[in-house]
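Thank you for making time this morning; I would like to talk through the aromatic rings in this protein and the residues around them. Please have the sequence and the model open while I speak.

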Amino acid sequence: MKFKYIIFAVLVVLTSCKKDFLDSKPKGKLSDELLNSPDGIEALCISSYAALAGPEGSDGTFLSPTTNWIYGDVRAETAYKGGGGIGDISEFNQFETFTAVYASNGLLDRKWFSLYRSVQRANSAIRRLNAVTEAEVPLKNVRLGEMRFLRAHFFFELSRLFNKIPYFDENVETADYPKISNVQFSRDQILEKIAAEFGAAAALLPIKQPEVGRATKYAAIAYQAKTNLYRAYKQNPDNAVAVIDQNLLNEVVAECDEVISKGGYDLLQDFQQLSMAEFDNSVESVFAVQYSIADGTDLGRINWSNLLNAPRGPAYGGDGFFQPSQNLVNSFKTDSKGVPIPETYNNTNLMTVADGLAMDVDPRLDFSVGRLGIRWKNYNTAPYGPDWVREPATYGYYSNKKAIVSPESPYMVKGFPWGGSALNFHVIRFADVLLWKAEALIELNRQDEALPLINRVRTRAKNSKYVTAFNSANPTDYAAKYTIDTYKPGENCTWTNAYARTAMRFERKLELALEGERFFDLVRWGNADQVLNTEYFAKEKLVRTYLQNARFVKGRDEYFPIPQPQINFSGGLYQQNPGY
């Protein structure tokens, strides 16, 4: 059973690895002699891995969540902030509505600072690894690969959140950080450096690691593909997509091919297994943040980023943040032949049990979203009901089902922190890689080659065990009229390039729903303005009145403002993003 991982041994971070030292009260400050030792260097490496879950540690992480639920879904059309109303962490409400998002927002400064603290941890480890020999640290090169991988990951997150960022390596002294301009390198140049970092990491990393959770060769190549895919969509100074670089798309295809053919990855057989800690570090997991419980710490190394996000209900008693949107629920409607209906999905609302039984529905809906009257995972006392939601008058009755383990799971903490569990958070899973390759192929006008990749993802959803009705009489008494099929040109679709692009983008919305990626996809594709203002806010405000004044401003809201305290830190050297 998954209870212990050395990766997140936070108790040994920046300490020696001896138990008697851990049991004693720390005295004085750490010495170079200690940190330059093999044990000290290993502790520095572990501290960099720990930063994946948030360098603040424990419950402070919920204010700058590394799972990106607030940055990647609540800012998209797929989720509401949730919680106790718009004033409950009002900064997140500002992010959601794109109103009053100022450079003085303290939670933006917190996120920026947390990510640069994480970069600094990796740089510190790299600096000391560079100063030792393989005789002193036999895994020197492997650890260098890991640290370069992690540093690139933290810079990638900074890039897609803030765009104009200072970029530096381990050779820059801490005192010189304020002297580095945040416009020394363009977005494309920073992404190029990040992609090169992942490539360098891949050359140092093994195919497999003896400890789960450590970066591997094919995880680095996969992340290189993701970075190059972002980079392929060249942006103008106003954040609009100017051109899509065909050479970079070909690199993405080649990198994805290497991961697909050599990485040993596959899709899990059942989509619901993605929400079960028993399947952590499975064949689908390319790289994930590791979590655990019953590991010798008081509460376990649980996912504090999602501290707020368990539903209220009798099984959890949580804070009820991160609620799926009506738009997302409607997106799971299909036609009678089992394919999505992106042109008309949002014309009517799918709300009740009766609606789900009257309409054709993708089964991933009830794997991902808690709906009134529908079975909640393995909870048998009652179906999901109104008492599971904290503020229905503002945010409606849906809850995030995907990121929460079933209440009877031995991997869930009982009581506070509500819904806290050992369920890993996927930074990259194999479905991502398949859909990245499909996206690149479609933009290369090779949509026929993309078809089997998208269908592979859909086939897994089709073959998963569907949610049954509460008090079902038989195994096929389903909770909704589940109708899903692969794309079959000439039978249920016409597979043109334009249709394939729409199909791929919609497939990402369904497959990766509530996984923190959607807003970044919209910005990459250059259609955030169209999707958010025309398709989302114009309709969603009819059911969620707090969205009346929400509006995405093109050329501004693709990125957050540079936090004012960081501009002050640089002595005014940093330049602000446009529109702020």
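**Aromatic pairs and charges over rings**

The structure holds 48 aromatic pairs, where rings of Phe, Tyr and Trp (its six-membered ring) pair if their centres lie within 6.5 Å, and planes under 30 degrees apart count as stacked, over 60 as edge-to-face and the rest as tilted. One of them joins phenylalanine 98 to phenylalanine 537, edge-to-face, at 6.4 Å centre to centre and with 70 degrees between the planes. Phenylalanine 98 lies in the loop between helix H5 (90–97) and helix H6 (106–130), while phenylalanine 537 lies in helix H19 (residues 528–540), so this pair ties together parts that are 439 residues apart in sequence. Helices here (H or I, at least four residues) are DSSP runs, numbered from the N terminus.

Phenylalanine 98 is buried, at 5% relative accessible area, and phenylalanine 537 is buried as well, at 3%; buried means under 20% relative accessible area, exposed over 50%, and partly exposed in between (1.4 Å probe, protein chains only).

A word on the source: this is a predicted model, in which local features need pLDDT of at least 70 and side-chain atom pairs count only at pLDDT 80 or more, whereas totals for chains, interfaces and linings use all residues. Residues are numbered from 1 along each chain as its sequence is written, and side-chain values use heavy atoms, with hydrogens and water left out.

Turning to charges, the charged end of arginine 458 sits over the ring of tyrosine 487, 5.1 Å from its centre (CZ of Arg or NZ of Lys within 6 Å of the ring centre and within 35 degrees of the ring normal). Arginine 524 likewise has its charged end over the ring of tyrosine 230, 4.9 Å from the centre of that ring.

Definitions and conventions: Helices (H or I, at least four residues) and strands (E, at least two) are DSSP runs, numbered from the N terminus.
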